[in-house]
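Subject: Structure handover

Hello,

Here is the structure I promised to pass on. My notes follow below it.

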Amino acid sequence: MGRISLVRVFSGTLRPDETVHVCGHGLTDAHGTEPGADPDARDPHERDPHEADDRIGGLTSPFGKQQRPVAHCVAGDLACVARLGHAETGDTVSAKDDPLLMEPWTLPEPLLPLAVRAHGKADEDRLSQGLARLVAEDPALRLEQNPDTRQMVLWCLGEAHQDVALERLRERHGVRVDAVPYEVALRETFGGASSGRGRHVKQSGGHGQYAICEIDVEPLPPGSGVEFVDKVVGGAVPRPFVASVEKGVRAQAARGIATGHPLVDVRVTLRDGKAHSVDSSDAAFQTAGALALREAAADVPVHLLEPVDEIGVLVPDEYVGPVMSDLSGRRGRVVGTDRAGPGRTLVRAEVPETEIVRYAVDLRSVSHGTGRFDRTYARHEPMPPHLAEKLRQRAGSSS
C-alpha cells in the first residue's frame with residue numbers, strides 16, 4: 001500500500017488534495033534532555049525539529065483491513081493519509097497559512113541497546129532503509145551508528161520491545177538481522193612516559209623503502225586526544241615526511257595498541273630520524289611512525305579507559321536500599337539522594353557503562369517494575385587492572 005500516515009483531527013476540517021504545513025519536534029534519546037529544556041543544551045543524538053509544506057493525497061477511513069474513501073475529516077475523526085512524505089510520528093499537521101505546533105506527549109527513553117548486523121548480503125543492501133523506516137514508525141526506538149565501535153545499535157525500551165522491533169524488521173520490511181553483543185566504547189592511554197624507534201628498511205633489488213624515526217610519548221590529562229609535536233632539527237626527517245610520520249602515528253592510535261581500542265590523551269614528539277634520498281617515501285614513514293608508537297607502548301603499562309555515566313534512578317522509598325546496594329555491586333559511586341515527591345526518591349550515582357548495559361531490565365527486577373532511570377555520559381576513567389587484563393587476554397585470543 002505504500003506509506004500511510006494515521007492522522008487525528010483536533011480542530012478544523014481536513015480535505016484531500018490540499019497543502020498543509022508539517023511541523024516536527026526534537027525527540028530526546030537515551031542520553032537526551034527533558035522536553036522543554038534549553039534547546040542549546042540538546043543532546044547531539046536528539047532528532048532535530050523539522051518543518052515543511054506537504055500535499056495531502058487521498059483521505060480514507062480505516063475499517064479493519066479496508067480503507068474507505070472519505071470526502072473530508074472533522075474534529076474527532078481518525079483518517080489515513082497517503083503520500084505525506086515529510087511527516088513523522090508525533091508531528092503536527094496544520095493549515096499552511098496558520099502553522100501550529102501541538103505539545104508532544106512524553107515518551108519513555110529507550111535505554112536498552114540492541115546491536116544488529118545484516119544476516120546476509122541481500123539483507124545488507126536493505127538494512128539502512130529498513131531501520132530508517134522502523135524508527136520512523138516507532139518514536140520510542142532510537143537508531144545509533146556508534147563511531148567508536150562501528151556497531152549499528154537500536155535503543156529499545158525493554159526485551160519485549162526488542163523482539164517486536166526485530167519481528168517488524170523481518171516481516172514488514174523484509175530485512176533479517178542477527179543480534180550481536182553490544183560493545184562499550186573503551187579507550188587506551190599510556191601509563192607513563194616512554195620512547196620508541198621505528199625502523200622500516202627494505203631492499204628488494206629495485207626501489208626500496210627506507211624510513212627511521214624516533215619519538216617520545218607522554219600521557220596527557222583526560223580529554224586531550226592525541227597531540228603531535230615536531231622537534232626534529234637539522235632536517236634529519238625532511239619536512240614532507242614529518243606529516244607522514246604523524247599520519248602513521250594517528251592511524252596506529254586509532255587502531256589501538258593493546259586491545260584494539262583507540263589510544264587517547266597522549267603527546268607524541270618526533271625528535272629524530274633518518275631518510276634516504278631515493279628510497280624514502282610517504283608510505284615508508286607512515287609505517288615507521290606506527291612501529292615507533294608500538295615500540296614505545298611495549299615499555300610502559302597501557303591503561304584501559306571505560307566510559308562512566310551519571311545516572312539518576314527514581315524509585316519508591318522502600319526500594320532505595322536495594323537500588324543503592326545493586327549500584328554498589330556494579331562498581332557504582334552513589335553521590336546523593338533527593339526527594340522527588342511523596343514517597344519517591346531520586347538516587348544519583350556514577351556507574352561504569354559496562355555495568356549498566358542491561359540496567360533497563362535489571363532495574364525492573366530490583367524495583368518490582370516501579371523504578372525508572374536516565375543516564376548521561378560523564379567521562380572515561382581507568383578500568384580496574386583485573387578487568388582490563390581479562391579484556392587483553394580476550395583480545396589476544398581472538399586475534
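Which elements do the buried residues of α6 pack against? They pack against β10, α2, β19 (302-316), α5 and β22. Buried means under 20% relative accessible area, exposed means over 50%, and partly exposed lies in between (1.4 Å probe, protein chains only). The buried residues of α6 are Tyr359, Ala360, Val361, Leu363 and Ser367. Helices (H or I, at least four residues) and strands (E, at least two) are DSSP runs, numbered from the N terminus.

Some ground rules before the rest. This is a predicted model, where local features need pLDDT of at least 70, side-chain atom pairs count only at pLDDT 80 or more, and totals for chains, interfaces and linings use all residues. Residues are numbered from 1 along each chain as its sequence is written, and side-chain values use heavy atoms, with hydrogens and water left out.

Helix pairs

Start with α5 and α6. The axes of helix α5 (residues 320-329) and helix α6 (residues 359-367) come within 10 Å and cross at roughly 140°. Axes here are lines fitted to C-alpha atoms, for helices over the stretch in contact, and angles run from 0 to 180 degrees between N-to-C directions. The crossing of α5 past α6 is right-handed. A crossing is left-handed if the near helix is turned anticlockwise from the far one by less than a right angle, and right-handed if clockwise. On the α5 side, the contact is made by Pro322, Val323, Asp326 and Leu327. On the α6 side, Tyr359, Leu363 and Val366 make it. Contact means heavy atoms within 4.5 Å. By class, this contact has 6 nonpolar, no polar and 1 charged residues. Ala, Val, Leu, Ile, Met, Phe, Trp, Tyr, Cys and Pro count as nonpolar, Asp, Glu, Lys and Arg as charged, and the others, Gly among them, as polar.

Now α1 and α2. The axes of helix α1 (residues 121-137) and helix α2 (residues 159-171) come within 10 Å, crossing at roughly 125°. That makes α1 oblique to α2. Angles under 35 degrees count as roughly parallel, over 145 as roughly antiparallel, 65 to 115 as roughly perpendicular and the rest as oblique. α1 also passes α2 in a right-handed crossing. Gly130, Leu131 and Leu134 in α1 meet Ala165, Arg168 and Leu169 in α2. By class, the contact of α1 with α2 has 4 nonpolar, 1 polar and 1 charged residues.

Sheets

An open sheet of 4 strands has the order β1-β8-β5-β6, with antiparallel pairing. Two strands pair if DSSP finds at least two bridges between them. Its edge strands are β1 (4-8) and β6 (66-69), each pairing on one side only. Neighbouring strands are turned by 40° against each other on average, direction ignored. β1 and strand β8 (residues 78-82) pair in the antiparallel sense over 5 bridges. Valine 7 stands opposite alanine 79 in β8.

Another open sheet has 3 strands in the order β4-β3-β9, and the pairing is antiparallel. β4 (50-55) and β9 (92-95) stand at the edges with a single partner strand each, so one side of each is left without a neighbour in the sheet. The twist averages 30° from one strand to the next. Strand β3 (residues 19-24) is joined to β9 by 4 bridges, and the two run antiparallel. The bridge partner of cysteine 23 in β9 is threonine 92.

Loops and single residues

Arginine 150 has a positive phi, near 60°. Arginine 150 sits in the loop between β11 (142-145) and β12 (152-156), and is exposed, with a relative accessible area of 72%. Just after α6, histidine 368 takes a positive phi of about 55°. Histidine 368 lies in the loop between α6 and β22 (372-382). It is exposed, at 61% relative accessible area.

Threonine 370 is also in the loop between α6 and β22. At 32% relative accessibility, threonine 370 counts as partly exposed. The C-alpha atoms of threonine 370 and proline 316 are 54 residues apart along the chain and separated by 7.1 Å. Leaving aside neighbours within four places in sequence, threonine 370 is in contact with Leu314, Pro316, Tyr319 and Arg344.

Best wishes
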